[in-house]
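Dear colleague,

My notes on what was found in it follow below.

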Amino acid sequence: STTPGGRALDVALTEWGSLVREPTAKAPNDAARIDAYIRDHQGLGKATAALKPTDTREYTRNGQFQWCGAFAAFCWGAQGLDAKVRGLRFPSTYKLGSSEAKHGPRLPRAALDDMQPGDVLVVGKGPAGGGKPWGDHITIVMHVIDGLAYTVEGNARGKLGDGTVGEGVICRTRPLVALPASARCPVSGLPQSMHAMLAYRPEV
């Protein structure tokens with residue numbers, strides 16, 4: 001790919017293809033890759049993956065850390081996106097869209113009807129659906145077709161790199177507008193419970 005976004009997407013797809021899953025009792029070693037998204041200098045660069053002081057420093061179990069933004073930070077970190085921006089903006093949807101200076105330089109916005117490969121897309125249920133006004137989940141855009149954003153995501157449920165449906169680094173679709181409860185993702189078969197809300201195009 002010739003653009004930073006396209007190259008960030010290439011990293012995301014490579015991670016997807018390597019089959020990164022949430023750790024389970026049968027496959028505990030999958031936690032190591034997720035821990036890298038959170039604590040490696042290419043990702044968020046956090047000193048710990050703990051949400052509570054009593055937790056371990058490393059990521060060891062599902063639900064310990066909401067790492068969707070860490071995955072996006074890791075993919076964009078490979079393109080040289082500033083470490084301060086990644087560390088301050090990507091830990092949550094709130095910090096990504098916040099106007100507060102303490103969260104570092106703001107990311108340029110991208111229009112939902114003009115999203116490009118590698119754009120960082122925040123999805124959610126929206127206030128009308130009981131979600132947060134700044135969105136609930138961070139994804140990376142592959143492309144948009146027929147009102148659906150095809151995405152690569154971390155910390156989500158969808159199509160894993162081996163073709164099964166599970167939790168980890170996945171591919172799926174997110175509609176650009178809220179759809180009826182009966183709507184299903186054509187990639188994963190899962191309900192389309194969250195839709196596109198805000199998109200960003202990092203500059204490197």
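In these notes, contact means that heavy atoms lie within 4.5 Å, and helices (H or I, at least four residues) and strands (E, at least two) are DSSP runs numbered from the N terminus. Please keep in mind that this is a predicted model, in which local features need pLDDT of at least 70 and side-chain atom pairs count only at pLDDT 80 or more, while totals for chains, interfaces and linings use all residues. Residues are numbered from 1 along each chain as its sequence is written, and side-chain values use heavy atoms, with hydrogens and water left out.

Just after H1, Leu19 takes a positive phi of about 60°.

Next come the aromatic rings. Rings of Phe, Tyr and Trp (its six-membered ring) pair if their centres lie within 6.5 Å, and planes under 30 degrees apart count as stacked, over 60 as edge-to-face and the rest as tilted; by this rule there are 4 aromatic pairs. One of them joins Tyr37 and Phe71 edge-to-face, at 5.3 Å centre to centre with 75° between the planes, and this pair links distant parts of the chain, since Tyr37 lies in helix H2 and Phe71 in helix H3, 34 residues apart. Tyr37 is buried because its relative accessible area is 0%, and Phe71 counts as buried because its relative accessibility is 1%. Another edge-to-face pair is formed by Tyr94 and Trp134, 5.0 Å centre to centre and with 70° between the planes. Ring pairs also link Tyr37, Trp67, Phe71 and Phe74 into a cluster.

What about the cysteines: how many disulfides are there? With a disulfide taken as a pair of cysteine sulfur atoms within 2.5 Å, the count comes to 0. Cys68 is in no disulfide, and the nearest cysteine sulfur, that of Cys75, is 12 Å away; Cys68 is buried, because its relative accessible area is 9%.

Finally, a nonpolar core is a set of buried Ala, Val, Leu, Ile, Met, Phe, Trp, Tyr and Cys residues joined through side-chain atoms within 4.5 Å. In soluble globular proteins, nonpolar side chains tend to be buried together. The largest core here has 41 residues, of which Tyr37, Trp67, Phe71, Phe90 and Val152 touch the most other members. H1, H2, H3, S2, S3, S4, S5 and strand S6 (195-200) each supply at least two residues of this core, and the largest share, 8 residues, comes from H3. A second, separate core of 9 residues includes Leu121, Val141, Ala149 and Ala196.

With best wishes

Conventions: Buried means under 20% relative accessible area, exposed over 50%, partly exposed in between (1.4 Å probe, protein chains only).
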